[in-house]
Amino acid sequence: MAESPSAAPLANFSAPMTGDQTFELNGRPARYTVLYFYPKDNTPGCTTEAMNFRDRYDEFKALGAAVYGISRDSLRSHEGFKAKLGLPFDLISDPDEAVCTQFDVMKMKNMYGKKVRGVERSTFVIDADGKLVKEWRGVKVNDHVNEVLEFLKSQP
């Protein structure tokens, strides 16, 4: 939940996303880009998180923020998840974990008493210059979208 100490822009990356598009960090037209990393399509927590971002999407747009979800799921899985939930934003596919690695969200987690490697639920706000201005790691779904919106509202 700390603000980024780095003033340098993040390294550019591109990755496939829904709608037959490619996400590229550099040159995003939005004032802010909100990237939320989540473990897996069609799981309870990830579904709730996606619906929370969906339900408040107009507020993000009004604040000049574009929202994108990212997981290791395939584009096919993402397209189905997006359609099923009626998501107004695109989902980025990162099956080779390149973007997850860049943002250091791959962690060892406990799942049913077993250690598994997976995505730590995290959200990053990046400004129009490509600089990381806020991050949340180890996100709990409840009330998280409100925290992100409150941060954006607090920006000059």
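Rings of Phe, Tyr and Trp (its six-membered ring) are taken as paired if their centres lie within 6.5 Å, with planes under 30 degrees apart counted as stacked, over 60 as edge-to-face and the rest as tilted. By this rule the count comes to 13 aromatic pairs. One of them, between Y36 and F53, is stacked, at 4.4 Å centre to centre and 10 degrees between the planes. Y36 belongs to strand β3 (residues 32-37) and F53 to helix α1 (residues 44-55), so the pair ties together parts that are 17 residues apart in sequence. Helices (H or I, at least four residues) and strands (E, at least two) are DSSP runs, numbered from the N terminus. Both Y36 and F53 are buried, where buried means under 20% relative accessible area, exposed over 50% and partly exposed in between (1.4 Å probe, protein chains only). The rings of F37 and F124 form an edge-to-face pair, because their centres are 5.6 Å apart and their planes stand at 90 degrees. This pair links distant parts of the chain, with F37 in strand β3 and F124 in strand β8, 87 residues apart. F37 is buried at a relative accessible area of 0%, and F124 is buried at 1%. One aromatic cluster is formed by Y36, Y38, F53, Y57, F60, F81 and F89.

The structure is a predicted model, in which local features need pLDDT of at least 70 and side-chain atom pairs count only at pLDDT 80 or more, whereas totals for chains, interfaces and linings use all residues. Residues are numbered from 1 along each chain as its sequence is written, and side-chain values use heavy atoms, with hydrogens and water left out. The predictor's confidence in each residue, pLDDT, runs from 0 to 100. Its average over the chain is 92, and 96% of the residues score at least 70. Over residues 1-5 pLDDT stays under 50, and the model has twelve contacts beyond four places in sequence for this segment, a contact being heavy atoms within 4.5 Å. Where pLDDT is low, the predicted coordinates should not be read in detail.

Strand β8 (residues 122-127) runs antiparallel to β9 and is joined to it by five bridges. Within this pairing, F124 stands opposite E135 of β9. Four residues lie between the two strands of the hairpin, and G130 in the turn has a positive phi of about 85 degrees. Strand β9 (residues 132-137) is mostly covered, five of its six residues being buried. The charged end of K134 sits over the ring of W136, 5.5 Å from its centre; the criterion is NZ of Lys or CZ of Arg within 6 Å of the ring centre and within 35 degrees of the ring normal.

Strand β1 (residues 14-17) pairs with strand β2 (residues 21-24) in the antiparallel sense over four bridges. M17 is placed opposite Q21 in β2. This hairpin has three residues between the strands, and G19 takes a positive phi near 75 degrees. In a regular strand the side chains alternate between the two faces of the sheet.

S93 lies in strand β5 (residues 91-93) and is buried, with a relative accessible area of 3%. Its side chain reaches the backbone oxygen of D73 at 2.7 Å. Residues up to four places away in sequence aside, S93 touches A15, P16, S71, D73, S74, L75 and H78.

M106, in strand β6, is also buried, at a relative accessible area of 12%. Neighbours within four places in sequence excluded, M106 is in contact with R72, E97, C100, R117, G118 and V119. M106 and P39 are 67 residues apart in sequence and 9.6 Å apart in space, C-alpha to C-alpha.

Positive phi values also occur in residues other than glycine. Phi of D104 is near 55 degrees, and D104 is located in the loop between α4 (98-102) and β6 (106-111). D104 is partly exposed, with a relative accessible area of 42%. D143, likewise not a glycine, has a positive phi of about 70 degrees and is found in the loop between β9 and α5 (144-153). The relative accessible area of D143 is 47%, which means that D143 is partly exposed.

Terms used. Pairing = 2+ DSSP bridges. Polar contact = N/O pair within 3.5 Å; in protein donor to acceptor, adjacent residues only side chain to side chain.
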